[in-house]
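This briefing is intended for a reader who has the sequence and the coordinates at hand. Please consult both while reading the points on helix packing, the nonpolar core and individual residues.

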Amino acid sequence: MTRISPTVLAALGRLVVAVSLLAALVGGVGLIAVLGAPPEAEVAAPPEIPEVEPAQVRPGVAAPPVEVPPVGPPQQPAPGVDLIRQWANEVSLAVDVPARALVSYANADLAMRQHSPDCRISWSTLAGIGRIESNHGRYGDRSLGEDARSSRPIIGVKLDGGPEVREITDTDGGALDGDPVHDRAVGPMQFIPSTWEKWATDGNGDGIGDPQNLDDAAISAARYLCAGGRDLSTGSGWWQGVMSYNNSVEYAQKVFGLAETYTAAGNRRQ
């Protein structure tokens, strides 16, 4: 009987394994040829936007706390540093709000402090409304660009009197919403065309009031909320303003809760 050395046995073992793998691969190719390639995996849907919980606060009792965006000293930045953007970058790390959206809300806040100081509207209230209306310009898997515009224009549902929708017939010939029969809310702050016509404001200095631009929409919303001499630092003024935007207690409670969360995030960065 011929003895086979351990070295030869090991080599033969490796050869058997290699042949088996090759057979499996060939068989696999044959199966693909017969059965067809496996179907491509489905593309995952975008993550769902978390539901906003209403704050447990009675209407008119109180206004959310306020945090003022930085405007200068005590720590003056180096030349060329944008204090608002630096602040927005830091706050954005703590809450799910794009830094560019925070810049829009903060600039609207600071502009109103200069031109309508008695209103005392806060960026966090504007951010609360922007979250509910369009998720800060990100509704429907959109993204907010550095130009403060969503990757695709935001056009709301047809206001035709359907379920839970009031009827508003066309007021702009479809110029803003593309609908010549009924109005639709437009832009990240969801302005009805006729309301936009009254409150449109140029928030970024380009000479145009565009409801699809969050810089413009945020300052326009601030002016709308401050109408009638409201003081949004008071419970009555805040609730009147927010419910003029959407006449729903639950809506206002959600904005209240969001404003509290955003203000807390702003305070934590200090």
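The model is predicted, so local features need pLDDT of at least 70 and side-chain atom pairs count only at pLDDT 80 or more, while totals for chains, interfaces and linings use all residues. Residues are numbered from 1 along each chain as its sequence is written, and side-chain values use heavy atoms, with hydrogens and water left out. The protein contains 8 helices and 0 strands; both kinds of element are DSSP runs numbered from the N terminus, with helices being H or I of at least four residues and strands E of at least two.

**Overall make-up**

- Along the sequence, the elements follow the pattern α-α-α-α-α-α-α-α.
- Of the 270 residues in the protein, 41% are buried (buried means under 20% relative accessible area, exposed over 50%, and partly exposed in between, with a 1.4 Å probe and protein chains only).
- Among the contacts with a separation of 6 or more, 57% join residues 24 or more positions apart; a contact means heavy atoms within 4.5 Å.

**Helix pairs**

- Two packed helices are described by the angle between their axes and the distance between the axes. Here the axes are lines fitted to C-alpha atoms, for helices over the stretch in contact, and angles run from 0 to 180 degrees between N-to-C directions.
- The axes of α3 (residues 99-115) and α4 (residues 123-134) come within 8 Å and cross at roughly 135 degrees. The two helices are therefore oblique to each other (angles under 35 degrees count as roughly parallel, over 145 as roughly antiparallel, 65 to 115 as roughly perpendicular and the rest as oblique).
- The crossing of α3 and α4 is right-handed: a crossing is right-handed if the near helix is turned clockwise from the far one by less than a right angle, and left-handed if anticlockwise.
- On the α3 side, this contact is made by Leu102, Tyr105, Ala106, Ala108 and Asp109, and on the α4 side by Trp123, Leu126, Ala127 and Gly130. These residues divide into 7 nonpolar, 1 polar and 1 charged (Ala, Val, Leu, Ile, Met, Phe, Trp, Tyr, Cys and Pro count as nonpolar, Asp, Glu, Lys and Arg as charged, and the others, Gly among them, as polar).
- Helices α6 (residues 214-225) and α7 (residues 235-245) pack at an angle of about 120 degrees, with their axes 9 Å apart, and are therefore oblique to each other.
- Ala221, Tyr224 and Leu225 of α6 meet Gly241, Val242, Ser244 and Tyr245 of α7. The set comprises 5 nonpolar, 2 polar and no charged residues.
- The axes of α7 and α8 come within 9 Å and cross at roughly 115 degrees, and the crossing is right-handed.
- Helix α7 contributes Trp238, Trp239, Val242, Met243 and Tyr245 to this contact, and helix α8 contributes Val249, Tyr251, Ala252, Gln253, Val255 and Phe256. The division is 10 nonpolar, 1 polar and no charged.

**Nonpolar core**

- The largest nonpolar core has 53 residues, and those with the most contacts inside it are Tyr105, Ile121, Trp123, Leu126, Met189, Trp238 and Tyr245. A nonpolar core is a set of buried Ala, Val, Leu, Ile, Met, Phe, Trp, Tyr and Cys residues joined through side-chain atoms within 4.5 Å.
- At least two core residues each come from α2 (83-92), α3, α4, α5 (193-199), α6, α7 and α8 (249-268). The largest share, 9 residues, is supplied by α3.
- Beyond four places in sequence, Tyr105 touches Val97, Trp123, Leu126, Ala127, Gly130, His136, Met189, Leu214 and Ala218.

**Selected residues**

- Asp109 lies in helix α3 and counts as buried at 0% relative accessibility. Leaving aside neighbours within four places in sequence, Asp109 is in contact with Pro69, Ile121, Ser122, Trp123 and Leu126.
- Gly187 is found in the loop between α4 and α5 and is buried, with a relative accessible area of 0%. With neighbours within four places in sequence set aside, Gly187 contacts Ile154, Pro211 and Gln212.
- Gly187 and Asp216 are 29 residues apart in sequence and 9.9 Å apart in space, C-alpha to C-alpha.
- Val95, in the loop between α2 and α3, is buried with a relative accessible area of 11%. Not counting residues up to four places away in sequence, Val95 touches Thr261, Tyr262 and Ala265.
- Val95 and Ala265 are 170 residues apart in sequence and 6.8 Å apart in space, C-alpha to C-alpha.
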